[in-house]
Structure formats: C-alpha cells, structure tokens
Amino acid sequence: MMKKNDKVTNIFLSGVGGQGTILASNILTEVFLNAGYDVKKSEVHGMAQRGGDVTTHFRFGKKVYSPLIKYGDVDFLLSFELLESLRYINWVKADGKILINKQEVFPPAVNLGLAKYPQGVEEVFKKYFKENVNVINGQEIAGKLGNVQAANVVLIGAFSKFFPEIKEAAWINAIKGLMKEKLHELNIKAFNEGRKAL
Amino acid sequence: MKKEIKVLQGNSAIARGAWEAGVKFASAYPGTPSSEILQEIADNYPDIYAEWSPNEKVAVEVASGASIAGARVMASMKHVGLNVASDPFMTLAYTGIKGGMVIVVADDPNVHSSQNEQDSRNWARFAKVPMLEPGDAQECKDFTKIAFDISEEFDTPVLLRGETRVSHSDSPVVLEDRKESKIPIGLDPKNATKYVMVPAYVRVRRKFIEERMRKLEAYADGFKFNKMEINDPSIGIIASGVSYLYAKEVFPEYSFLKLGMIWPLPKKMIAEFYKKVKRVIIVEELDPFFETEIKAMGYKVFHGKDLIPNMYELSPEIIEQALKGKKYKAPKIKIKPEDLPRRPPNLCAGCSHRALFYALKKLGTFVFGDIGCYTLTAAPPLQALHTCICMGAGIGGAHGAMKVFGKEGLGKMCAVLGDSTFLHSGVAPLMDVVYNKGNSTTIILDNRITGMTGHQEHAGTGFTVRQESTNMVDYEVLVKALGVKSIKKVDPYKLEETTKIIKEELAKDEPSVIITVNSPCIMLKRANRKFKNPFFVINEDNCRGCKMCLEIGCPAISWREGAGATKDGHKRKGTVFIDKGVCVGCDICTQICKYEAIVPGKR
C-alpha cells in the first residue's frame with residue numbers, strides 16, 4: 001500500500017510534432033531510472049508525421065502506478081513551444097516549476113488568418129507562477145552551435161538544473177546512450193549551453 | 001544472463017516477450033497504436049521471421065500456417081484490424097493451433113487516430129478464446145510469454161489486448177533469456193479433423209471449444225496474474241490493465257481484484273472477492289464488459305457505468321470525479337484552453353497529396369476517401385474528401401454511388417486511396433468495379449510507403465520490414481490484369497496537367513484508374529526528394545493579399561495582416577508570408593498565385 005510520503009513527481013512535456021519532445025522525454029526516462037526510481041512515461045502521437053500537438057506524461061518516484069498525470073497535478077512543465085505551454089497552464093500545480101522554449105509555431109487556423117496566436121504567454125505564466133517561470137530561446141542557442149534541431153537538448157540542459165541531486169554526468173550518459181555517436185559532440189554542447197542558460 | 005532492467009515501451013515489451021517466449025514467426029499490418037511491435041521485432045530480434053502483411057486477415061492466415069507447422073507465432077494489429085482479420089480468427093478459434101499463437105489487438109480509447117472506438121474484449125467473448133490485458137511494460141512482456149503457454153496448453157489462439165496508454169507507455173522491464181518452445185516443427189497430415197473445417201468436423205470442434213472454455217474458466221481462477229489485494233474491505237474495486245493503475249492511483253487504500261486474464265472471468269475468485277469486501281465498484285474503460293458479466297452471475301455492482309463514462313479513455317481524475325462525486329478544481333487561472341487555436345495534424349509542407357486534392361477541389365469532385373494521411377484533406381481549408389469508412393471502402397463506395405446515378409454521375413465523383421491501402425483491401429473492390437460494369441474512377445496515391453503510421457514498407461515499396469530488397473508491385477500491370485483499360489499516370493506537382501487528366505477520366509463511361517508518379521512521401525529519406533528551388537519567398541511588391549495560396553493549407557504559408565498596396569497601386573489588407581525553414585520548394589503555391597508574388601528564394 002502506498003504511503004503518503006512516497007511522493008511521485010510529475011513532469012509534463014508539450015510541443016509540436018517534429019520538435020523532439022519524445023527524444024527529450026526518453027532522456028528523462030533514462031536519467032531517473034538510473035537514479036533508482038520507478039518511472040512511467042506515456043505519450044500521444046500518431047496522425048501524420050508532423051505538425052500536430054505532442055504531449056508526454058512522465059512520472060518518477062518510489063512506486064508509480066498511473067502512466068497519466070492527474071489534471072492540475074503537474075510539478076514541472078517543460079514546453080517546447082509558447083502556445084503549447086499555454087494550452088496546459090491549468091495542469092500545473094500552484095507551486096509548479098515551468099520551463100518554456102521561446103518559439104512560435106503557427107497552427108493552421110493562425111496561418112489562415114482565422115485565429116490569433118496568443119500574445120504575452122510569458123507574462124500570463126509569470127502572473128500566476130511568479131519566479132517559477134523560466135523562458136529560454138532554445139532555437140537561438142542551438143543555432144549558434146550550428147544546428148537548430150538540438151534545441152530540445154538545450155531545453156533538457158536547462159531543465160536538468162531543477163534536479164540538483166542528479167549529477168551532470170548522468171544526463172550526458174543518457175544523451176550518449178540514446179543518440180548516434182556522430183551527434184554526441186553537438187548534443188553535449190547543447191546540453192551544457194542549456195545548463196548555462198538557466 | 002545478469003538481471004538487466006531496461007525502460008521499454010509497452011509495444012517493445014510485447015516484442016521482447018515474444019522473443020523470450022521462443023516465437024519464430026511474426027506478422028502484422030501497421031496501425032496506431034500497434035505498429036511498433038513488428039518493427040521492434042524486425043530491428044532487434046533476428047531469431048524471429050518478421051513480415052508486414054498486406055492486411056490483417058493475411059497476417060493472421062500466414063501466422064496460422066506457421067503455427068500448424070509447429071512454430072510459435074504472433075500477429076499484431078489495431079482494433080479495427082481484428083475486424084478485417086475476424087474471418088480467419090473466428091475459425092482458428094475452432095481449429096486451435098499447434099505452435100502457440102498470440103494475436104495482439106491494440107484498442108484506441110478516445111480515438112486518437114482511428115475511425116471508431118471499439119472494445120476488443122467483445123471479440124474474445126464472441127470467438128470463445130482467452131484474452132489477457134497488461135497494464136504496463138513489465139506486464140506486456142510477462143503476459144505475452146504466458147499467453148503462449150496458455151495457447152499451447154488449451155489449443156487456442158490467445159488475444160492480448162493492448163491500448164494506447166499501455167502500448168505507448170514506457171516503464172521498467174526485467175529482461176530474461178529466450179527459451180525455445182518444446183513443440184516440434186513438422187506437419188501432421190493425419191490431423192484433417194482438426195484443421196479442415198467442413199461441417200462434420202466443425203461440429204466436433206464446436207463441442208471442443210465449449211469444453212475448452214470450461215477448462216479455461218477453471219484455469220482463470222488459479223491464474224497467477226489475477227490478483228486479489230485486500231486492504232480496506234469497505235470497497236473492493238475490480239479492474240484490469242491501465243484502468244487498474246488509474247484506480248490504484250486514486251484509491252490506494254481500497255481492496256482490489258486485478259484481472260490479468262479478462263476472458264474468461266475467474267468465477268470462483270470473483271465469488272471469494274465478494275465475500276471479502278463489502279461493496280464492489282467496477283472500473284473499466286469503454287464497454288460495461290465485466291459489469292454485464294458479473295451482474296449476470298447474480299452479483300450486485302455498487303458502482304460501475306452508472307458513474308464511469310462508457311466512452312473515451314479514462315484517467316485518474318475521471319475516476320476520482322466519478323466516484324468521489326466532486327469536481328476536480330484546477331488552479332485559479334483564467335485561461336480557457338478551448339479558446340486557444342487548436343493544432344490538428346496537417347499534411348506536411350511539400351506533400352504530393354495536397355496538390356492532388358487541390359485539383360479535385362477545383363473540379364468540385366465528391367471524393368470517396370480512405371484511411372491514410374490524405375484523410376486529413378477533409379479538414380479546412382481543403383475540405384476535399386467526403387467519406388472515410390474503412391480501408392478499401394472508398395472504391396466500393398464510389399462504384400455504388402455511380403450505379404445509383406448512372407451516366408448522370410459521370411464527372412462528379414471518384415475514389416481516392418493510398419498505395420498501402422490499395423494493396424490492403426483495394427484490389428478486390430476494383431475487381432468488382434470492372435466485373436460489374438461500373439464506370440467509376442479510382443485514384444491511387446502512390447507515395448512509395450505506408451505514410452500515416454510512420455513509414456512501414458509494403459509489397460509496393462521494394463523492401464521488406466528488414467530492408468532487404470524484394471519484388472515491387474507494378475500497379476499499372478496489376479490494375480490492367482483486373483480488367484481496367486483506362487489507366488493514366490499523373491505527376492501531382494503539375495497542377496494543370498493533373499486537373500486536366502482527372503477531368504477526362506472522371507467523364508469516361510468505363511472503369512478508370514489514375515496512379516500518381518513522382519510523388520514519394522516528403523518525409524521518406526531514401527526518396528531523397530529535391531525540388532528545383534530550395535524554398536520560395538513572397539515578393540511583396542506583387543502580393544495583393546488575395547489569400548488564394550492559403551487555400552492549400554500549407555504549413556509554410558501564413559497570413560500577415562496590415563493595410564498596404566502593391567507596387568502598381570492595388571490596395572490590400574495584408575500579405576502572406578512563407579517560412580523558409582518549413583518550405584521545401586514544392587512549387588504548388590506558385591501555380592495557384594495569379595500575381596507572380598511567389599518567387600524562388602536563395603540560400
């Protein structure tokens with residue numbers, strides 16, 4: 001029977017298909033499994049290759065039952081796109097921590113001029129979550145390293161700062177284990193730049 | 001082998017379980033959320049022969065042959081795939097098997113990517129075969145292995161129920177070694193009474209399957225994955241799979257009867273559970289399957305589908321709200337997610353389907369559609385696809401409608417389907433069109449791959465699941481053999497020519513087929529698709545803001561508001577903008593723009 005103090009930590013990842021949210025969540029999975037936790041991850045994708053919204057529920061703790069996080073029970077929100085962070089604002093606990101990538105990917109209705117892309121997303125989050133809100137420009141940082149596609153790992157680097165108990169090497173090992181060797185150098189740089197960014 | 005723990009996706013764990021169980025043969029047709037199972041086998045377990053079959057019926061049939069030869073076999077599919085495979089499946093329940101046979105069927109509660117939401121547990125009851133349901137990756141592996149033992153012990157195919165939140169969830173799994181099955185490889189020609197289902201032999205097997213069900217019921221009572229957890233006895237919850245995990249999350253203090261085998265039900269165990277707990281709540285996703293059965297056994301159900309929804313997927317908070325009766329209060333934030341623009345999936349920038357459906361829209365064609373990426377063209381702004389029922393239904397639909405309209409229907413409608421779908425179940429209805437003197441037009445969108453489910457090979461791509469070169473179906477020759485005389489090829493990127501050919505074919509009073517060429521999936525790496533220009537940009541001197549180019553719904557093109565004028569003085573309310581990071585230079589929008597406002601960009 002689960003005791004009250006066997007706390008499960010809930011991380012919610014959101015983004016747009018093609019941004020690498022699933023790879024990012026795989027890194028989290030490796031890191032927390034190796035740190036000795038029970039982990040569960042659940043994702044929704046499918047329906048065409050690109051462009052739809054992608055969400056991942058990631059949970060770790062001594063014992064994790066449900067693969068889904070309860071609505072309003074998110075401890076950490078890691079979002080790869082501004083609108084996709086706002087869409088899940090109600091999922092975050094009052095004292096939840098938030099890391100948002102400053103990127104706008106327009107959905108079809110916005111492209112067609114039928115809907116407005118929300119403005120001031122950062123401010124809305126800050127109003128409710130104060131100093132717990134962090135926004136970085138993953139694309140810009142990754143771009144300087146020569147490949148905007150590494151933005152997801154920049155984000156993971158920054159996100160890793162929320163977990164001081166986990167050693168840097170654990171994250172780097174997970175990245176190495178999940179990627180082809182020719183991508184190691186770039187992604188380790190991206191991870192380190194991300195860590196500096198927060 | 002030292003104890004190794006690895007985080008696996010539910011589907012990967014099923015593949016691992018098959019390997020550890022000594023499986024020799026695996027077949028499948030891709031379908032979300034089941035697709036990864038066979039790909040995982042092909043990529044990681046060379047001991048297992050693996051194939052993409054053209055459809056689920058064939059996947060089950062080839063697996064049955066391998067089983068009769070003595071091998072342990074697995075066929076995997078999504079829920080609607082078992083409908084296709086139901087013909088061999090229902091009779092295999094009679095013949096039974098030789099080498100263990102497990103059919104994985106993955107449900108899609110909440111219809112993340114399917115044409116209906118059905119509860120596959122009903123197939124187990126209907127066919128009179130056992131069904132197991134895992135809840136996490138460890139159970140996916142364990143249940144797969146034990147399913148093979150059950151299959152061989154009781155001479156039956158066994159259903160393993162996956163579903164989105166199990167198939168696409170990852171959790172730790174303890175890896176073990178492979179163990180070969182003890183069943184000898186070999187055919188037994190003297191076993192016709194078991195495998196030849198003519199009426200006289202069927203009647204014998206009919207009795208056998210009833211006896212088998214009784215034995216399985218007894219087995220279910222001692223089945224090690226049916227577990228009772230007695231804590232607070234005031235409430236006992238009966239649940240299985242991921243529903244158990246949700247309920248356990250919300251009510252860790254209550255008692256549970258957790259079912260690993262969900263058909264047949266463990267009757268003695270249920271009776272015992274009713275003695276141990278005061279009131280029983282049944283938590284199950286989709287149909288009131290357990291509830292109906294348990295009520296039929298004469299028990300009272302304190303709560304079940306009276307409170308828990310019988311549609312869409314469950315979640316911990318749905319169960320909490322339903323059973324605790326209080327609405328979950330979200331933090332006080334004044335943002336309504338429903339007010340934000342939705343982000344539905346869209347055809348990729350440069351996709352050849354976009355051009356073809358634009359041509360159909362311009363012609364005002366009613367399109368009998370099918371299952372694939374192109375189904376997305378039903379959405380705005382294209383809105384160019386008008387039906388989607390099941391794989392292959394589009395061709396039959398167009399034929400039927402043409403018979404109703406007669407010659408008046410000429411030029412007004414057609415069927416459209418992809419290459420994989422055509423091979424899955426488009427050949428037979430096309431044969432029907434010719435045979436029954438129809439006059440409908442079928443357009444085969446040949447993008448050289450199964451696109452929607454994430455790039456699986458098929459008989460038309462020239463590669464097997466393990467990337468070995470193989471024969472490539474020649475659609476033109478095949479269609480000709482079916483008796484179609486009018487066969488045309490179109491390059492969908494040439495809009496004017498494509499539109500002209502479609503118009504001509506639709507007007508012909510005979511069966512006709514149009515096959516797209518030069519149209520590989522834009523995401524298919526080996527096609528190495530390169531267009532003449534890397535991307536396009538807007539010449540703002542010319543853009544009149546007419547929004548014509550927005551009609552194709554390309555993700556690279558967006559609208560920017562702002563009053564202004566063209567260089568030669570035409571007023572406009574805004575201009576369009578092309579995102580060069582998204583544009584691939586397919587050239588479709590330039591063929592639509594009347595003002596030469598879309599021009600090649602330079603790197």
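Six salt bridges are found across the interface of chain B and chain A. This is a predicted model, so every value here is computed from predicted atoms. One of the salt bridges joins A:K70 to B:E320. Their closest N and O atoms are 3.2 Å apart. Polar contacts also cross the interface of chain B and chain A: 16 residue pairs make them, with both residues at pLDDT 80 or more.

Which elements of chain B give two or more residues to the side that touches chain A? They are strand 1 (4–9), strand 8 (169–175), helix 10 (241–250), helix 13 (316–324) and strand 20 (557–565). By class, that side of chain B has 30 nonpolar, 14 polar and 16 charged residues.

Now take the contact as a whole. Chain B gives 60 residues to it, and chain A gives 55 residues. The area buried between the two chains is about 5,100 Å². Carbon and sulfur atoms give 62% of that area. In chain B, the residues that lose the most area to chain A are B:E249, B:P341 and B:R343. Together they make up 16% of what the chain B side buries.

Strand 2 (residues 38–44) of chain A is joined to strand 8 of chain B by two bridges. These two strands run antiparallel. Look for A:S42 in the model: its bridge partner in strand 8 of chain B is B:S169.

Another strand of chain B to find is strand 15 (residues 413–418). Is it mostly covered or mostly open? Strand 15 of chain B is mostly covered: six of its six residues are buried. Both of its faces are covered. On one side lie B:M413, B:A415 and B:L417, and on the other lie B:C414, B:V416 and B:G418. Strand 15 of chain B is joined by three bridges to strand 14 (residues 366–368) of chain B. This time the strands run parallel. B:F366 stands opposite B:M413 of strand 15.

B:S64 lies in helix 3 (residues 56–68) of chain B. Why does B:S64 count as buried? Its relative accessible area is 13%, and buried means under 20%. A polar atom of the B:S64 side chain lies 2.6 Å from the backbone oxygen of B:E61. Set aside neighbours within four places in sequence, and B:S64 is in contact with B:L92 and B:M101.

The other residue is B:G81, in helix 4 (residues 79–95) of chain B. B:G81 counts as buried because its relative accessibility is 0%. Finally, compare B:G81 with B:T499. In sequence they are 418 residues apart. In space they are 34 Å apart, C-alpha to C-alpha.

Terms used. Residues are numbered from 1 along each chain as its sequence is written. Chains are lettered from A and ligands numbered from 1 in the order in which they are written. This is a predicted model: local features need pLDDT of at least 70, side-chain atom pairs count only at pLDDT 80 or more; totals for chains, interfaces and linings use all residues. Side-chain values use heavy atoms; hydrogens and water are left out. Contact means heavy atoms within 4.5 Å. Buried area is the accessible area (1.4 Å probe) that two parts lose on being put together, summed over both. A salt bridge is a side-chain nitrogen of Lys or Arg within 4 Å of a carboxyl oxygen of Asp or Glu. A polar contact is a pair of N or O atoms within 3.5 Å; within protein, one must be able to donate a hydrogen and the other to accept it, and residues adjacent in sequence count only if both atoms are side-chain atoms. Helices (H or I, at least four residues) and strands (E, at least two) are DSSP runs, numbered from the N terminus. Ala, Val, Leu, Ile, Met, Phe, Trp, Tyr, Cys and Pro count as nonpolar, Asp, Glu, Lys and Arg as charged, and the others, Gly among them, as polar. Two strands pair if DSSP finds at least two bridges between them. Buried means under 20% relative accessible area, exposed over 50%, partly exposed in between (1.4 Å probe, protein chains only).
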